[in-house]
Amino acid sequence: MNNAHKPSETVDRAGIASRLDRPLVLVGLMGVGKTSIGRRLAGALGRDFVDADEEIEKAADRSVSEIFEEHGEAYFRDGERRVIARLMEEGHGVIATGGGAFVDPETRALVLERGVAVWLDCDLDTLVERTSRRNTRPLLKTGDPREILFNLKEQRGPAYAEAQIHVVTGDGPHDAAVNRILEELAAWL
Ligand code: S3P
């Protein structure tokens with residue numbers, strides 16, 4: 001799986017794009033890079049990209065933090081489930097989801113049936129460092145972020161592991177992760 005040394009040109013992007021008839025859905029913990037990697041992945045395949053959290057914010061006309069503050073997590077999860085179902089229906093190329101989305105059994109079943117789930121995974125230190133750059137994640141404000149991320153990694157691991165594709169990314173450039181995903185996809189399709 002460690003093919004980061006290969007230049008990305010060795011992956012047949014056009015071949016993958018022509019065989020791929022379902023949305024690629026990026027899942028994994030906060031800070032793993034789902035949005036940045038998803039955007040680049042979509043570009044590499046000539047597909048559109050959509051970020052589920054952004055769509056939830058647009059639909060609610062509120063930030064994720066405001067939704068958590070005003071209505072609580074259960075309300076956010078309801079909206080998240082509905083928005084992702086809509087995005088799946090609309091048939092986007094690449095969809096980045098919030099870290100908790102794929103843990104929901106209904107969302108997970110839908111994504112596994114109608115899409116290709118790509119679990120992006122990395123070490124705890126990288127997650128802690130990356131999430132510390134922004135103050136927009138309500139779940140990390142309730143205690144020590146490292147401890148919270150450690151626990152979420154443990155709790156959510158089994159759900160993420162159901163994804164069809166698993167790519168471990170390092171703290172290196174996102175393009176290396178994109179290349180790794182493309183190689184895994186080429187082998188899987
Ligand atoms: C969450 C992750 C966030 C966002 C919300 C809850 C989670 O998205 O959906 O703060 O439960 O892990 P990112 O994974 O894009 O940070």
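The side chain of Asp51 reaches the backbone nitrogen of Glu54 at 3.0 Å. This is a predicted model, and the distance is computed from it. Asp51 sits in strand β2, which spans residues 49-51. Asp51 has a relative accessible area of 10%, so this residue counts as buried, the cut-off being under 20%. Setting aside neighbours within four places in sequence, Asp51 is in contact with Thr35 and Ala96. Ala109 lies elsewhere: 58 residues from Asp51 in sequence and 19 Å from Asp51 in space, C-alpha to C-alpha.

**The largest pocket**

Thr35 comes up again here. The largest pocket holds about 750 Å³ of space. It is lined by 32 residues, and those closest to its centre are Thr35, Asp53, Arg134, Thr136 and Arg137. By class, the lining divides as follows.

| Residue class in the lining | Count |
|---|---|
| Nonpolar | 8 residues |
| Polar | 12 residues |

**Confidence**

Residues 1-7 fall below 50. Even so, this stretch has 12 contacts in the model beyond near neighbours in sequence. Where pLDDT is low, predicted coordinates should not be read in detail.

Conventions
Residues are numbered from 1 along each chain as its sequence is written. This is a predicted model: local features need pLDDT of at least 70, side-chain atom pairs count only at pLDDT 80 or more; totals for chains, interfaces and linings use all residues. Side-chain values use heavy atoms; hydrogens and water are left out. On a 1 Å grid over the protein atoms alone, a cavity is a set of points where a 1.4 Å probe fits but cannot get out, and a pocket is an open set with protein on both sides within 12 Å along at least five of seven lines; lining residues have an atom within 4 Å of a point. Grid points are joined across faces, edges and corners, and a volume is the space filled by probe spheres set on the points. Ala, Val, Leu, Ile, Met, Phe, Trp, Tyr, Cys and Pro count as nonpolar, Asp, Glu, Lys and Arg as charged, and the others, Gly among them, as polar. Helices (H or I, at least four residues) and strands (E, at least two) are DSSP runs, numbered from the N terminus. Buried means under 20% relative accessible area, exposed over 50%, partly exposed in between (1.4 Å probe, protein chains only). Contact means heavy atoms within 4.5 Å. A polar contact is a pair of N or O atoms within 3.5 Å; within protein, one must be able to donate a hydrogen and the other to accept it, and residues adjacent in sequence count only if both atoms are side-chain atoms. pLDDT is the predictor's confidence in each residue, from 0 to 100.
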